[in-house]
Amino acid sequence: MSDAEELRHLMATEGDAISLNTKGFNRGRYDSVSRLDDYDELKDKARAIKEDAIERLPELIDQLEETIAENGGTLYIADDEDDANEYIREVVADREAERVVKSKSMTSEEIEVNEALEADGVEVVETDLGEWVLQVADEAPSHIVAPAIHKSRDAIAELFNERFDLDEPLETAEELTQFAREQLGELIEDAQVGMTGANFVTADTGTMALVTSEGNARKTVAATDTQIAVAGVEKVVPTVEDMQPFVELIGRSGTGQDITAYLSLLTPPVGTPNVDFGDDETPLSELDADRDFHLVLIDNGRMAMREDDDLRETLYCIRCSACSNSCANFQQVGGHAFGGETYSGGIATGWEAGIEGLDTAAEFNDLCTGCSRCVDACPVKIDIPWINTVVRDRINGEKEGQFDFLVDGLTPDEEDTSPSLQKRFFGNFETVAKVGSALAPASNWLANTTVSRQAMQRVLGVDARRELPKFTRETLVEWFADRETAVRNPDRRAVLYPDLYTNHVQVERGKAAVRVLEALNIDVVVPKVASSGRAPLSQGMVSTARDHAERVSAALLPHIEDGRDVVVIEPSDLAMFHREYKRLLDQSTHESLAGNSYEVMEYVYGLLENGASVDILTPAMGERVAYHSHCQQRTLGLEGHTTAVLERCGYDVLTSDVECCGMAGSFGYKSDYYDVSVAVGNDLRDQFTDADASDRTVVASGTSCLEQLDDLLERPTRHPIQLLAGDRR
């Protein structure tokens with residue numbers, strides 16, 4: 001696992017370049033997809049094709065083998081890295097090649113073919129500009145699509161000026177690019193073998209799609225008479241027509257381009273004449289096209305992933321890197337921290353767990369906070385946070401718990417595995433909260449003593465710089481039980497879900513929600529219900545999360561059957577009901593709970609839309625507010641409801657365009673990640689302290705957002721429902 005010191009070093013040395021470039025890719029994606037009328041339909045179509053292709057993969061591979069043989073090429077199925085490299089080395093040796101030129105291929109990185117060929121004395125030259133820069137620098141890629149994203153122009157200029165004997169130092173991007181172009185052009189001309197990857201391969205015709213920014217893949221193929229294509233077995237799709245949605249989506253998703261600069265569709269062996277660069281006299285038309293083609297399809301754990309219900313979705317990945325670009329943590333630390341031996345970013349956990357093993361995946365898995373922004377960014381709608389959660393759960397089972405002998409039988413979780421003490425602490429936070437409230441205010445005082453903070457940091461890894469939550473002696477459920485409702489003839493009936501923080505810490509926002517709903521003539525009840533399971537799920541404690549889900553549904557379903565709506569204050573808990581509970585509960589129970597659950601401001605918006613008078617709510621008289629929406633609230637499409645309600649009440653609303661606060665629950669409390677959390681939050685702090693926002697009341701929807709803003713800003717924060725309640729008692 002990357003420790004705090006390593007993360008700080010990467011943020012200091014590579015963070016600025018990574019942040020600048022990934023955010024630039026995202027802006028391009030937003031603009032490009034906004035011009036697509038059928039964006040969601042394309043994503044659905046792309047996913048359906050991948051689902052079908054992976055389901056029929058053995059059949060499609062057999063068909064592809066016959067197709068390539070009919071075309072005059074050879075298909076080799078490699079079991080693993082060694083098998084693939086042995087075959088490639090034999091092809092290169094038979095050709096007596098001294099130099100192999102390559103276009104960018106993550107699969108070739110996966111099998112480390114460069115090292116295998118170089119051990120035979122073969123020179124291997126990367127022709128992608130970014131890959132070549134890294135080859136010169138002797139570094140590993142930090143991004144799936146843009147391997148040298150962590151390097152600035154100045155750093156590349158310094159590298160070239162140091163490594164090459166230059167008459168004049170290189171400075172501008174044009175000078176650097178022209179220099180690389182000249183160097184690579186000469187190396188390509190003298191190569192005997194060209195190696196490419198393959199973004200997609202069709203079983204019906206053997207056609208390969210190669211997507212590049214520089215056209216180097218087609219040069220690699222055309223300039224050599226022997227082509228070796230290396231691809232994972234998951235790259236096979238049934239027909240040429242099936243490439244259409246991927247062509248539309250891959251450039252937009254990765255780099256924000258409507259279409260990538262070079263899209264090459266080849267059906268090798270290609271029929272173009274072999275170029276003799278030493279012959280200036282013979283026209284190309286008089287040269288023959290005696291070309292050799294080998295497609296090496298690599299299993300390397302993929303067929304086992306296909307049989308794994310939780311890892312199978314990883315095979316739908318089209319390697320666009322949208323998950324990396326959209327990840328706030330990746331934007332700070334990059335793929336050298338948020339990645340394994342080959343793959344980086346959110347989807348990397350699935351890949352590395354499948355092809356390398358859990359030990360490799362464990363090194364960076366905790367950098368996924370489960371915020372779910374990558375799910376909406378993914379062009380094939382892969383549930384990446386769930387894959388990360390499942391892998392985290394399996395990692396928990398791989399390690400012997402250091403303090404299991406102390407906590408087994410004392411902690412109320414359902415785990416058969418051995419999560420770390422830190423994970424068990426955060427995963428059992430419901431128990432911590434119950435004890436904290438029962439003993440408050442003494443518990444709050446004790447937890448904040450110097451001795452306690454030092455012990456918590458040393459034993460549990462809870463960073464002493466982060467302010468701890470303050471538990472209330474009277475919970476929301478207890479407060480509600482001691483009052484009488486004034487609603488006699490309600491328009492609707494609702495059950496307010498007392499999430500963990502609202503019940504034990506942020507009780508005032510719960511009281512405000514009750515008061516607002518009752519003012520809108522809603523009959524409200526606040527029963528005693530288990531916490532949603534978000535806390536254990538974020539620690540990879542899936543069995544415990546399932547137990548919470550079953551207890552929550554058992555408590556809430558009778559209310560739903562009695563005609564009540566479920567109103568949820570905490571967006572991450574609503575996201576549990578809508579998304580994760582689909583994995584934890586039976587279909588009928590999930591659909592009933594998800595179909596009748598609403599975020600509190602969404603619910604108020606719906607009441608106003610259906611005839612409730614906004615005059616009942618506290619008028620704002622133009623008060624200026626700065627509003628930050630929760631990540632999972634945005635991915636559920638609920639951000640607009642809060643803004644609309646506040647504006648109807650007369651607020652002047654500035655909505656944050658910073659997509660992540662950097663807190664994400666327990667992540668910001670952990671010592672190893674505290675600095676990353678604060679770094680992510682700096683963009684939000686900057687926006688809410690600039691001239692247009694510095695005098696505004698700060699409101700946020702999520703508990704983690706509120707806690708982060710409380711730490712970053714020097715003025716108090718509130719939940720929007722508290723603005724609507726005003727001083728109503």
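The following questions and answers go through selected local features of a predicted model.

Visitor: What kind of model is this, and what pLDDT do local features need?
Guide: Residues are numbered from 1 along each chain as its sequence is written, and side-chain values use heavy atoms, with hydrogens and water left out. The model is predicted; totals for chains, interfaces and linings use all residues, side-chain atom pairs count only at pLDDT 80 or more, and local features need pLDDT of at least 70.

Visitor: How many residues of strand β7 are buried?
Guide: Helices (H or I, at least four residues) and strands (E, at least two) are DSSP runs, numbered from the N terminus. Buried means under 20% relative accessible area, exposed over 50%, and partly exposed in between, with a 1.4 Å probe and protein chains only. Strand β7 covers residues 226–232 and is mostly covered, the buried count being seven of seven.

Visitor: Which residues of β7 point the other way from T226, I228, V230 and G232?
Guide: In a regular strand the side chains alternate between the two faces of the sheet. In β7, T226, I228, V230 and G232 point one way, and the residues on both sides are buried. Those that point the other way are Q227, A229 and A231.

Visitor: How many bridges join β7 to β10?
Guide: Two strands pair if DSSP finds at least two bridges between them. Strand β4 (residues 193–196) runs parallel to β7 with four bridges, and M195 has I228 as its bridge partner. β7 and β10 also run parallel, with T226 opposite D292. The number of bridges from β7 to β10 is seven.

Visitor: Which strands are the edges of the open sheet of four strands?
Guide: The order of this sheet is β8-β5-β6-β9, with mixed pairing. An edge strand here pairs on one side only, and the two that do so are β8 (236–237) and β9.

Visitor: Which residue in β9 is the bridge partner of M208?
Guide: Strand β6 (residues 208–212) and β9 are joined by five bridges and run antiparallel. In β9, the partner of M208 is L266.

Visitor: What covers the buried residues of α12?
Guide: Helix α12 (residues 244–255) has nine of its twelve residues buried, among them F246, L249 and I250. Contact means heavy atoms within 4.5 Å. The cover includes α2 (15–34), α3 (39–55), β5 (200–202), β6, β8 and α14 (322–326).

Visitor: Is E241 buried or exposed?
Guide: E241 is in the loop between β8 and α12. Its C-alpha is 9.0 Å from that of T202, although the two residues are 39 apart in sequence. Because its relative accessibility is 58%, E241 counts as exposed.

Visitor: How far does helix α27 reach from its first C-alpha to its last?
Guide: The expected span of a helix is 1.5 Å times one less than its number of residues. Helix α27 (residues 507–519) has 13 residues, twelve of them buried. Its reach is close to the expected value, at 18 Å.

Visitor: Which residues make the nonpolar surface patch of about 240 Å²?
Guide: Accessible areas come from the Shrake-Rupley method with a 1.4 Å probe, and for residues only the protein chains shown count as cover. One member, L284, sits in the loop between β9 (262–266) and β10 (292–298) and is partly exposed because its relative accessibility is 48%. The patch is made by V275, F277 and L284.

Visitor: What is omega for the cis peptide bond from A440 to P441?
Guide: Most residues other than glycine have a negative phi, and most peptide bonds are trans. P268 and P269 are joined by a cis bond with omega of about 0°, and P269 lies in the loop between β9 and β10. P441 is in the loop between α22 (429–439) and α23 (442–447). For the bond from A440 to P441, omega is near 5°.

Visitor: What phi does A664 have?
Guide: A664 is in the loop between β16 (652–655) and α35 (674–688). With a relative accessible area of 27%, A664 is partly exposed. A664 is not a glycine, yet its phi is positive, at about 50°.

How values were computed. Patches are made of residues with over 30% relative accessible area and no salt bridge: like charges are joined within 9 Å, nonpolar side chains (Val, Leu, Ile, Met, Phe, Trp, Tyr) within 5 Å. A salt bridge is a side-chain nitrogen of Lys or Arg within 4 Å of a carboxyl oxygen of Asp or Glu.
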